[in-house]
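Please walk through this two-chain model one contact at a time. Keep the sequence and the coordinates open as you read.

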Amino acid sequence: MTEPALRLDAATVRFGARTLWSDVNFSLERGEFLAVLGPNGAGKSTFLKVLLGLQRLNSGNAEVLGKPVRRGSHQVGYIPQHHQLELETPLRARDLVALGLEGHKYGLPWVTRRARSRIDELIEQVGATDYAQRPVGLLSGGEQQRLRAAQALAGNPGLLLCDEPLHSLDLNHQRAITELIRSQAVDRGAAVVFVTHEINPVIEHVDRVLYFARGDHRMGTVQEVMRSDVLSELYQSPVEVIEHKGRLVVMGEHSEGVHHD
Amino acid sequence: MIERIASSFSTDNYWELFALVQNSVLTAAVLGLMGGIIGVFINLRRAGLVVHGIAEISFAGAALFLLMGLDVVLGSTLGAVAAAALIGVLSIRDREVSAVTAVLMPFGMGLGILFLYLYQGRTANQFGLLTGQIVGVDDIQTRTLISVAVLISVILILIWRPLMFSSVDPQLAAARGVHVNILTIVFMVLLGGAVAMSVQVVGALLVLALLVVPSAAALKVARRPLIVVLLSCGFALFSAVAGIMIAIMGTVPISPYITTISFLIYVVCLLVGRRQRARISSEAAAAMS
């Protein structure tokens, strides 16, 4: 396949008179890892919604694997922000994965033998075999997030979208989920768009950064974007990026609107 | 009081009496099955209070139709479906359903009481709308109740997966192309229908006993989807049918029996569920160490 996993062409989103972001242009090759950063309300989530086909662009184009974005495409996997499932959810771990595979289908809810073996495969892929039969409500946040990764991988996606998948997880689980995304998506040739508040947990995997702030954006490698002069210009106020033992700390003089580490 | 209840019992000619209420038992059984299925989603979506609100507006609809000399089942259905659809639309807008329900509930109840006050017919009919009247339903109504309940159950089974998906994880379901908002409205309309049918058995005040309690009990003890549904249907069916079969021996209305049986089932499940969970967590702890 030669077409890029994702291509944006002068993409713009406005809400009324307010321009959320405009003129976003880039393409993402298969196997590339893009981190999307920026303060709350800068348009990170809307960016994902556009790629999921849940939000229209006001102008410009967005294409996934050479085709215009479409709601419910199997080519696009999605890991939503972690929220703890209800204790009494009437599903086992494997039933949750099954929803990722066939949850959109109407008709008698039989699970075919083929679907069943695919579910087993996905559960093994994310290392959830030990608790495949356990009720999802009794699983930890990290375990539930592994199952969400399995749901996202169900369609063998060419593009994997992650909406702060590490949110509220402890460091061990953050590392495990990141490794999982690396080995099961990136190494299998999927492009990853990873929305996050915090670049450090994923910094070693990031190929490029898309940074949204104040209706504007910057795009480039970590070294090109995560710099004091670039971010100061973007925020239109002094911002300092400090590197400390391989970690990046972004500090604003008026810290409002700048993310904290 | 106990003496009054006990002395009203008589087992003479039980099966002859039973033959008279056969239709009602069958209706209650089918409504129990429907309640068991839809109850799983009611609990999952935390819509218990909404069910109660719909029931009271359904009561107003039934009372209005009684007053106008029209079909009571139709009246309660129109009231329930309209209320359910309205709450569904509002919930999509801002997701704060309980306030809306709490506002609609007393309004519906008040209207219903007004209509009953204006009604000049037999008072037994009036009381029945609030507390259940299944022995009084005629053949045509029985047929209507059963067909609507079967229809609702079949639709629920056919939309099971997308409805479960959007109840558990609406964000992901929407991303996978499930029309979450449309499903919410469809579910609310089905719920309206289910409430209207159940009002005929246990009355507007006690609908929760048939639609919510059985599945709440099932969710305490089971997690496999199929087992939850089977248990929930079994509990609802058992409370409805056993309630009627005990009630016909005496003069006490049916509803107290149905509500007491379903409450007892819930208490037993609650205790069993606690023990289960304690065992699972101790096993998990043992596996970790």
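Ala128(A) lies in the loop between α3 (113-125) and α4 of chain A. Helices (H or I, at least four residues) and strands (E, at least two) are DSSP runs, numbered from the N terminus. This is a predicted model, in which local features need pLDDT of at least 70 and side-chain atom pairs count only at pLDDT 80 or more, while totals for chains, interfaces and linings use all residues. Residues are numbered from 1 along each chain as its sequence is written, and chains are lettered from A and ligands numbered from 1 in the order in which they are written.

Is Ala128(A) buried or exposed? Ala128(A) counts as buried because it has 22 C-beta neighbours inside 10 Å. The cut-offs are these: a residue is buried if 20 or more other C-beta atoms lie within 10 Å of its own, exposed if 12 or fewer, and partly exposed in between, with C-beta atoms placed from the backbone. Leaving out residues up to four places away in sequence, Ala128(A) touches Ala93(A), Ile123(A), Glu143(A), Arg146(A), Leu147(A) and Ala150(A). Contact means that the C-beta atoms of two residues, placed from the backbone, lie within 7 Å. Between Ala128(A) and Leu166(A) there are 38 residues in sequence and 17 Å in space, C-alpha to C-alpha.

Now take the helix pair in chain A. The axes of helix α2 (residues 93-102) and helix α4 (residues 141-153) of chain A come within 7 Å and cross at roughly 30°. Axes are lines fitted to C-alpha atoms, for helices over the stretch in contact, and angles run from 0 to 180 degrees between N-to-C directions. α2(A) and α4(A) are therefore roughly parallel to each other. Angles under 35 degrees count as roughly parallel, over 145 as roughly antiparallel, 65 to 115 as roughly perpendicular and the rest as oblique. The crossing of α2(A) with α4(A) is right-handed. A crossing is right-handed if the near helix is turned clockwise from the far one by less than a right angle, and left-handed if anticlockwise. From α2(A), the contact uses Ala93(A), Leu96(A), Val97(A), Leu99(A) and Gly100(A); from α4(A), it uses Leu147(A), Ala150(A), Gln151(A) and Ala152(A). By class, that gives 7 nonpolar, 2 polar and no charged residues. Ala, Val, Leu, Ile, Met, Phe, Trp, Tyr, Cys and Pro count as nonpolar, Asp, Glu, Lys and Arg as charged, and the others, Gly among them, as polar.

Next come the strands of chain A. An open sheet of 6 strands has the order β6-β7-β8-β3-β9-β10, with mixed pairing. Strands pair if DSSP finds at least two bridges between them. β6 (76-79) and β10 (216-220) of chain A are the edge strands, each pairing on one side only. From one strand to the next, the twist averages 15°. Strand β9 (residues 208-213) of chain A pairs with β10(A) in the antiparallel sense over 5 bridges. There, Ala213(A) stands opposite Asp216(A). Helix α1 (residues 44-52) of chain A packs on the sheet, and its direction makes about 150° with that of β7(A).

Strand β1 (residues 6-15) of chain A pairs with strand β2 (residues 18-28) of chain A, antiparallel, over 7 bridges. The two form a hairpin with 2 residues between them, and Gly16(A) in the turn has a positive phi of about 65°. Phe15(A) has Arg18(A) as its bridge partner. Leu8(A) stands opposite Phe26(A). β1(A) also runs antiparallel to strand β4 (residues 59-64) of chain A, joined by 5 bridges. Here Leu6(A) has Val64(A) as its bridge partner.

How many residues of chain A are in contact with chain B? The count is 25 residues of chain A against 24 residues of chain B. α2(A) supplies the largest share of the chain A side, 3 residues. That side divides into 13 nonpolar, 6 polar and 6 charged residues.

Finally, chain B. Gly39(B) sits in helix α2 (residues 14-44) of chain B. Gly39(B) counts as buried, with 31 C-beta neighbours inside 10 Å. The axes of α2(B) and helix α12 (residues 213-221) of chain B come within 8 Å and cross at roughly 70°. That makes α2(B) roughly perpendicular to α12(B).
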